[in-house]
Amino acid sequence: MGRDNDREHFDDYRAQTQVKHEILATYLTPYFRIVGTANKDLQYVDGFAGRGTYTKADTGEVFDGSPLRALKLIASNDTFSKKVSAVFIEVDPILYLPLQKAVVDFGKANPHIRQPNTDCCTFADGVKKLLKQSNGNLPPTFLFVDPCGVSGTSFETIKAVMACKSSEAFIFFNIDGVRRIAGLDKLSDVLVELLGSRQRAEELFSALQTTDEADKRELLILECYRLALRKDMRVEFSIPFRVESEEKQKTSHYLIHATNHKLGFKIMKDIMWKRGHSEEGEGALQFVQAGRTDYVALFDPHFDVKREILNALVTGPRCVDLFFNDWVVRPTDLLSQSAYKQALLHLEASGEIEVLDKDKSTPKPMMSRRRPKGKSTLGEGYYVRLTGKPSV
Ligand SMILES: C[S@@+](CC[C@H](N)C(=O)[O-])C[C@H]1O[C@@H](n2cnc3c(N)ncnc32)[C@H](O)[C@@H]1O
């Protein structure tokens, strides 16, 4: 992806950009709040900050880019204003100028916040400087890694940030770009930089030679990256949110959240899950644009969740907190609390399970529970058990 493409990125405000911004902005509040309880300094680093704003070429409408979104969130909260230092890195001098102006102007208009910094350099160099200034020990940092392409998405840089206490990353993972690089005649250094090791890149490169099937190749690439996060970066939890391409029925990219905190994993999954709701109210860790595709079954929320729940109830009633609080934080579990709730409500509606009150014995049917706006609910603390009736 060249500089021209990078610059054109800001001439439209696409639905997928909006989704990315919404997920990021929604998560930042709980992140700063939770991590901020035990830390007086927090940091937000936007490693691919862009121009600061988007302008729709056809209408002239202007939208905030990720830097202004984050700054507005920080400025809206007294605690965040005092605690969060924000740094915006952008390599392209043409895009850097408006970025710098937007950030400086925002700082002047909001003297109550810690004054934000900007740096015109690569993501890797910018983070290197921050690490040097803090002797390798950054305050808890939320890192946004949002390249247009693949180049510059330095694994080692993300790893250095993730090694600092309570730090987390939100990464735009350009699977389309990786597919292209992996299809080249020989191993590209960009792939090595992305995966952090030549050996891992070689393994992926060879594995991809073994199949032409698009969904298998996609899964190989994604799982290779998540494995690298887990094994080489020591990231316990990673969540991939799939974003479909606008015109073609294939994956465009994944938004990957990396964290070592159970609560962060749980909260982000729920935010992503809700953002991926279809019109029928079904949730998923994906944003479908062009239409339903041959997407990877791993991301189908219904692949076996109901069966797994029914199996867990064979030995007797279980508190729903088991699913809502324990199962959702299993590192390999890509279902959110909302997804478990939805599956339990479906099982109740089909007569396969019944809900018991918090005393574990009194039946508590759907109509006797709270029904805000006529919707069925299932709060924490209730129990569920098998009715013995098979589904119809
Ligand atoms: C997708 S845009 C960023 C959009 C921005 N995060 C937002 O949401 O408003 C990617 C930006 O990264 C910049 N960029 C590309 N390679 C870079 C690198 N190695 N280091 C820093 N910035 C880079 C591009 O010039 C471009 O402005």
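Which polar backbone atom lies 2.8 Å from an oxygen atom of the ligand? In this predicted model, that atom belongs to Ser66, a polar contact being a pair of N or O atoms within 3.5 Å. On the side-chain side, a polar atom of Glu90 sits 2.7 Å from a ligand oxygen, and one of Tyr54 is found at 3.3 Å from a ligand oxygen. The protein buries 94% of the 610 Å² that the ligand exposes when taken alone (Shrake-Rupley areas, 1.4 Å probe).

Turning to the fold, eight strands make an open, mixed sheet in the order S5-S4-S1-S6-S7-S9-S8-S10, where pairing requires at least two DSSP bridges. Strands S5 (117–119) and S10 (286–287) are the edges, each pairing on one side only. Strands S1 (42–46) and S6 (141–145) run parallel over four bridges, and Tyr44 stands opposite Phe142 of S6.

Helix H3 (66–75) lies across S1, S4 (84–89) and S6, at about 175° to S4. Helix H6 (123–133) touches S1, S4, S5 and S6, and its direction makes about 150° with that of S4; contact means heavy atoms within 4.5 Å, and angles run from 0 to 180 degrees between N-to-C directions.

Residues are numbered from 1 along each chain as its sequence is written. Local features need pLDDT of at least 70 and side-chain atom pairs 80 or more, while totals for chains, interfaces and linings use all residues, and side-chain values use heavy atoms, without hydrogens or water.

Key: Polar contact = N/O pair within 3.5 Å; in protein donor to acceptor, adjacent residues only side chain to side chain. Helix = DSSP H or I, 4+ residues; strand = E, 2+ residues; numbered from the N terminus.
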